[in-house]
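Let's take a friendly walk through a protein model together.

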Amino acid sequence: MIEKSAIKLEEMAPSDWPSVRAIYEEGIRTGIATFQTEAPSWEEWDQGHLQCCRFIAKAGDRILGWVALSPVSSRCCYKGIGELSIYIHPDSKGLGIGTLLLQKLIDESEKQGFWTLQSAIIKENAASRALHKKCGFREIGFREKVAQMPDGTWYDTILIERRSRIVGK
């Protein structure tokens, strides 16, 4: 069992990618964490995510989870809105790592001027929905049968957001 005091949050570095990718691939295998069917290369992932607000949770040398932001639009009026991704290693679930990472992301995103964090969570992913609710996100809608997986299964997503109480008042 990992002691909470042993968990450290750090900025994600390119050298963390093999572990980050492995955790992402574990999420892909669940079938309810993402519609991706395979993890991208570091270069593709890096290009699709903002340079700020990328964090990992570690215990010793082991990465337990990660969180990052993607832009929602190239239009400047949306510069304060980030689409978040968060993944926790299956062996590390239930230890509060998701809460630590989301709180870190919220704090840092506000320092960076973000007024809204948002995401679309596959409806069946109850753990992710509960984590986000615990951290102040609210459900604002849903998309019915928004994506079809290779096996033919259609999935709905729940749209969530968290408005900053500090930025964009």
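A residue is called buried when its relative accessible area is under 20%, and exposed when that value is over 50%; anything in between is partly exposed. Keep in mind that this is a predicted model.

**The sheet**

Start with the open sheet, whose seven strands are ordered β1-β2-β3-β4-β5-β7-β6 with mixed pairing. At the edges stand β1 (7-11) and β6 (138-148), each with a single partner strand, so one side of each has no neighbour in the sheet. From one strand to the next, the twist averages 25 degrees. Now look at β1 and β2 (residues 55-59): they run antiparallel and are joined by five bridges. Here E11 stands opposite F55 in β2.

**The helices on the sheet**

Helix α3 lies across β1, β2, β3 (62-71), β4 (81-88), β5 and β7, and runs at about 160 degrees to β4. Helix α4 also packs on the sheet, where α4 touches β4, β5, β6 and β7. The direction of α4 makes about 160 degrees with that of β5.

Helix α3 covers residues 97-111, which is 15 residues. From its first C-alpha to its last, α3 reaches 21 Å, close to the 21 Å expected at 1.5 Å a residue. Several of its residues are buried, including I97, L101, L105 and E110. Just after α3 comes G113, with a positive phi of about 95 degrees.

**Charged pairs**

Side chains of opposite charge can pair when their charged atoms come close. How many salt bridges does the structure hold? There are nine, and the table shows some of them.

| Salt bridge | Closest N and O atoms |
|---|---|
| R54 with D46 | 2.7 Å |
| E110 with R162 | 3.3 Å |
| D156 with K123 | 3.5 Å |

Take E110 and R162, which form a salt bridge. This pair links distant parts of the chain, with E110 in helix α3 and R162 in strand β7 (residues 154-163), 52 residues apart. Both E110 and R162 are buried.

D156 pairs with K123 in another salt bridge. D156 lies in strand β7 and K123 in the loop between β5 (116-122) and α4 (126-134), so the pair ties together parts that are 33 residues apart in sequence. Is D156 buried or exposed? With a relative accessible area of 16%, D156 counts as buried because that value is under 20%.

Notes: Residues are numbered from 1 along each chain as its sequence is written. This is a predicted model: local features need pLDDT of at least 70, side-chain atom pairs count only at pLDDT 80 or more; totals for chains, interfaces and linings use all residues. Side-chain values use heavy atoms; hydrogens and water are left out. Helices (H or I, at least four residues) and strands (E, at least two) are DSSP runs, numbered from the N terminus. The expected span of a helix is 1.5 Å times one less than its number of residues. Buried means under 20% relative accessible area, exposed over 50%, partly exposed in between (1.4 Å probe, protein chains only). A salt bridge is a side-chain nitrogen of Lys or Arg within 4 Å of a carboxyl oxygen of Asp or Glu. Two strands pair if DSSP finds at least two bridges between them. Axes are lines fitted to C-alpha atoms, for helices over the stretch in contact, and angles run from 0 to 180 degrees between N-to-C directions. Contact means heavy atoms within 4.5 Å.
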